[in-house]
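Subject: Structure for you to look through

Hello,

Here is the structure I said I would pass on. Please look it over first, then read my notes below.

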Amino acid sequence: MADIDRMFNPRTVALIGATEKEGTVGEATLKNLLIGKGKHTVYPVNPSHESVAGLKCYPNIAAIPEHVDLAVIATPASTVPEVVDECGKAGVDGVVIISAGFKEIGAEGVKLENEIRVIRAKYGLRLLGPNCVGFARPSAHLNATFLRDNPEPGSIAFISQSGALGSAILDWATVSHVGFSMFASLGSMLDVDFGDLIDFLGTDPATRSIILYVEGIGNAKKFMSAARGFSRTKPIVVLKAGKYNTGAKAVQSHTGALAGDFEVYDAAFKRVGVVRVDEIGNLFNCASVLDSKRLPSGPRVAMVTNAGGPGVVASDAVTDLGGEMAKLSPDSMKVLDEHLPPYWSHGNPVDVLGDADVARYETAVGTCLADPSVDGLVAICTPQGVTPAAELATTVVRLAKDKQKPVLTVWMGEKGVAEARRKFAENSVPTYPTPEEAVKTYMYMYRYKRNLDLLYETPEELPVDLMPPNSHLKLMIRRAISGGKLLLSQADADKFLDAYNIPRLAGGFAKGAEEALLVARRIGYPVVIKIVSQDVVHKSDVGGVVTNITSSEMLAHEFAKLMDRIRILKPEAKIDGVYVQRMAKDVDYELILGSKKDRDFGAVLLFGSGGIGVELFRDFAIGLPPINQVLARRLMEDTKIYKALAHGLRNKAPVNLKTLEEVLVRFSSMVTDFPEISEVDINPLSVSEGKAFAVDVRILLDPNPIDRSTPYPHLVIIPYPTKYVIPWKLEDGTDVLLRPIRPEDEAIESEFINGLSEETSRYRFFNIVRNLPHSDLVRFCNIDYDREMAIVAEVTEGGRRREIGVGRIIAEPDSKRGEFAVVIADSYQGKGLGRKLVDMVIDIASEKHLESIYGVVLRENQPMLSLCREMGFSLHPEEDYVRVELPLEVEAPAQGQGQVRSHVKPATTKTQGQSQEGQGKEAEGMSQ
Ligand code: ADP
Ligand code: MG
């Protein structure tokens, strides 16, 4: 599919449905398009006019004498399919459909949309809308909307799904002088969606932050990849509609009942570092401050004010919103005592009193900012009598500029502070009309920073087998689905837990009383018996769980009573038997660990307080699989019960968090491996003597067929690609493990880079790189395995793992070309590893359907150049480097038997080979 760059950076624009008739969409759009006349050529199209607005008018798109990059369609809905078809035929790159009258009007409109969808796909043209306002790029003088006001240029990109809300916000922004790098309304999102635009804006130099008004996300996978790729450099702030009307539907599991849209969206945003706000005003407050390089490193706020009241209000807001009022250091207190009048507040908020002059205010602000126990500052000024509001503002601007800490200002009032506000705005010092807004924004800044830090924290290694044997489980699932048994029995579900090493209580299925006695004898008393029936979901609701059975007599007796009870309470239930389970003793906590499939984001994980009151507590957190140790810990931290788990509660011991993390990670890998699982609950996951184990597990299978065209159809985040874990041997026989890089590899990656000779380092990085900071290493190790893949070669030396080489491929956002790089530790060069890594890179790129890969190689890096030459790359010498390129897609032969994909000579493509036979002879002395 074509990328969207052409349509959003058009040199030629056609307006289909152009007219001069006042008050029409066609007229308004034409006027807007003509604003940027010098920058792009505008071609009006309308069969019933010879000319409009003094321009020659064309009868149809085919009549336009040159290639059209963008066509804006403003004709009646019923004509749109035909118009899109004409655009496709004419080779237009992208269309914007601003016409309304589609999905929103009912069945007829849906039919039209479907027609358009098919036509669009046929030509591969890109499409924005329908039913949208269009888009504008103010700094490029491009306005392809029918908005009355032309948005001002600025650095914020604003993408709104709803056109109406978008234009209302835009109105508001115009009044508030907020400028935009782009405004786009997405409408029905037939094609271009949030993910596409984030990709586009991520590399747009005019855009510093992105705000989104979201009703539904579109392609969630695309969104996650795009957001994850850019949220670190360009803050993405989201307002999601529908906070209150999207409760989870009634479902068979607790997880299903708890994890509603709101919570799932929240988890997804968090996972990619996107900031969610809940008011329109916050969208802009955040977008303008989050792009500053001054993000607070902690929650401790200092406040300087010249009036008591606003200071109190602001400090209340700090506490309410989860921040902290900074406790000023004794040194700061000393300075303030010396310089402020005796009745100053003697603490934070620092009240410098109503008669404060510039010098006094300056001392207070300067002292607080210099204090190491302060993370950020809110400066408040209420003009009283002779207060020099504007002069104070100038001083604060100066102080704010030389410190790294964020300074937010609140100059209260209207006329008296207009000049001060202008000063703040000019100097990009955030300013707000009320203390609450300032504090709220501070907290968003802090959360954004913290989220990014946590997200890219280096996880610890966990002893977790990510590839347990599981084909017996796949068989079991197939049998269950074909037999129509979607609810797995606990005995079957146990097999999943065992395969993934999730601890559980001993237990087994028994058909009748006799068998139950046998099982009980095997596992030992006391035991619990539970009813087993496809028709009973919540067993204790129908008296289907009997605990603390201490003897065989008691078991026989309770068994009979249980059967009687169920027959009375659930006469229609077909009873299979009972599950006999060991009784857990001294349970300190009951937790829940579950998963369900969300409509947009696929499988999600849930962790929280469990037991039979789970829906009452509603104490849970949602995460997206796959998770590692850090993410598992975060999931736990986001619940109320976490404090008790970590520190214990009265007479209850704390839990071993390490092993609990392991359980979560293992559970996540189970969910990852089985797209057939629709819902699963481990409830309770009980904790006794600090250790967690499953007590009740319920697995519900998905009756719908699973789309097998992608490996993880139920996930929006690609899991660790175990298929690229390959044992291999160097030419000298050394055992090497080739595997995708992981976030946990930061230490060995750093060691590897530091250990490269100067020459090798320069060959790879074009200068000598040593001691990279965490923020850079994270970028190397924490990749999405979708757009970016890195294969490390690992050897074990004296019991220690060591990285000896890495091959990396990064697909460009439009996903057609990828850039690769390979580097080998000096002492391992010339042993065939470079060739192997290049070869794997080629295979990976082919699997991703890239059309070509390229690399940049220094001229003097002869070994790499000869390797590339040998592997079929074409070499393009530039000034001091050589661009090497390899096409991966080969045009289908004329008769068209599908596309033939081939890369290099067969001898060099043995990725799976574990021996080096057939590896060929390699260019000697290769550095990269
Ligand atoms: P359901 O959730 O279908 O009602 P459970 O198996 O979860 O059935 O049992 C309900 C409750 O009974 C659990 O939340 C737990 O408190 C208690 N319970 C169940 N099995 C055991 C056991 N083996 N040891 C101790 N308590 C148990
Ligand atoms: Mg239960």
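Of the 928 residues in the protein chain, 56% count as buried, meaning under 20% relative accessible area with a 1.4 Å probe, protein chains only (exposed is over 50%, partly exposed in between).

This is a predicted model, so local features need pLDDT of at least 70 and side-chain atom pairs count only at pLDDT 80 or more, while totals for chains, interfaces and linings use all residues. Residues are numbered from 1 along each chain as its sequence is written, chains are lettered from A and ligands numbered from 1 in the order written, and side-chain values use heavy atoms, without hydrogens and water.

The mean pLDDT (the predictor's confidence in each residue, from 0 to 100) is 90 for the protein chain, with 94% of its residues at 70 or more. Over residues 893-928, pLDDT stays under 50. Where pLDDT is low, the predicted coordinates should not be read in detail.

The protein chain has 29 helices and 41 strands; these are DSSP runs numbered from the N terminus, helices being H or I with at least four residues and strands E with at least two. The C-alpha atoms fill a box of roughly 95 × 90 × 65 Å along the principal axes.

One residue to look up is leucine 197, in helix H6 (residues 194-202). Leucine 197 counts as buried because its relative accessibility is 0%. Beyond its neighbours within four places in sequence, leucine 197 is in contact (heavy atoms within 4.5 Å) with residues including Ile4, Phe8 and Ile159. Its C-alpha atom is 9.9 Å from that of aspartate 5, 192 residues away along the chain.

Regards
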